[in-house]
Amino acid sequence: MNLLVIGSLALDTIETPFGIKEYTLGGSATFISTSASYFTDKVRLVGIVGYDFPKQEIEFFKSRNIDVSGLIISKDKKTFHWHGVYKDDLNIRESITTDLNAFETFDPVLSTEFRKSEYLCVGNVDPVIQKKVIQQVEKPKLIMADTMNFWIEGKRNELNETLKLINLLVINDSEARLLSGESNLIIAAKKIFSMGPEILIIKKGEHGALLITGNSVFYTPAFPLEKVFDPTGAGDTFAGGFMGWLSRTDDLSEDNLKVAVVFGSAMASLAVEEFSLEGIRNLSLEKIMKRFYEFKNLVEFKNKSL
C-alpha cells in the first residue's frame, strides 16, 4: 500500500554532550519517510526545501525508493533550519534558532496520483496545513497525525477541526494531558477519542510508548541503551516504522497495531544511537529484526506454574 508522508525537511544544528553537528539532515518528513522506507518501497514524500538543500540528500531519498516528486525546491529561500542544544539530561533541550525560511511558504497541493494514497502520515506541522492535506486524499485507510504543545495552545480551534478527520493521533504524555485537560492518561485518552481519533499513541520518551484503543492498552518499554547520542527525530522515526509496517501488511487489526508499535520503537532506538539521521541511514534488515526481537524479549517470560 502507498504511504503518503507530509512534514518538514530541515538542516539542523544539534549540540549534545557528545558533540555538535551543523546543518545536518533533519525534519519530521525526513525521519518518517526514511524509517518507513525499510518496510515499504511505496513511500511518497511531500515537503519543501530551499535552494541550499544538498542534492546528494535528494539522491539519498531516491536510493531508498522514496518518491520525491512531491518535493518543492524554493529558488529564493533557504531550507528550514533548527538549532537545538541538549543538556546532560537528554529529555531537556533548548531551541537556539528556528528559521522557517522556505517552510514558511509551505502550501502543499497533491498530485492526482498522491491523492489516491491508502495510508497517510502527517507530521507535526500547522493543523491548517494538516487539514488541507487530509482533505485532498480521496479514500485513505488510515490517517495518522502528530501535534505538539505549540499548536495545542496556539491553534486549538484549528487543531480540533483536524482531529475530527484523523484515525490515529501520536503525542507525548504532557501533550496528551494538555490536550485533554486530564492528568490520568487513560482518562485523557478517552477524552481525546471523543474529539475524533480512534487510536492514540502516547510517547513517553525514555519510558516507552502506550498504544490505546477503545478496547485495549498496550505498552512497549524503551530499549535500554548504553549511549543515546541524539534524541532528535526519535518520535518521527517511531511514526515511520509504525506506519511503514502497517502499509506493508495492510492489516489494521489490534494484534498488528501492537507489532507496528514494536517496530516503531525498534527503529527509534536505532535512530538515537547516532547523530541526526545517521542511525537509520544505512540499516540492514538483519539489524532491524535483531532489535525487534530484543524488544520482544524485554517483555516475554515463561512460568510453568502459570
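Analyst: By class, nine nonpolar, one polar and three charged residues make up the lining of the second largest pocket, where Ala, Val, Leu, Ile, Met, Phe, Trp, Tyr, Cys and Pro count as nonpolar, Asp, Glu, Lys and Arg as charged, and the others, Gly among them, as polar. This is a predicted model, in which local features need pLDDT of at least 70 and side-chain atom pairs count only at pLDDT 80 or more, while totals for chains, interfaces and linings use all residues. Residues are numbered from 1 along each chain as its sequence is written, and side-chain values use heavy atoms, with hydrogens and water left out.

User: How much space lies in the second largest pocket, and which residues are the closest to its centre?

Analyst: Rolling a probe the size of a water molecule over the atoms shows where empty space is left. On a 1 Å grid over the protein atoms alone, a cavity is a set of points where a 1.4 Å probe fits but cannot get out, whereas a pocket is an open set with protein on both sides within 12 Å along at least five of seven lines, and lining residues have an atom within 4 Å of a point. Grid points are joined across faces, edges and corners, and a volume is the space filled by probe spheres set on the points. Here the second largest pocket holds about 210 Å³, and of its 13 lining residues the closest to the centre are Phe218, Val262, Phe292, Lys296 and Val299.

User: Which element gives the most to the lining of this pocket?

Analyst: Helices (H or I, at least four residues) and strands (E, at least two) are DSSP runs, numbered from the N terminus; α11 gives the most, with five residues.
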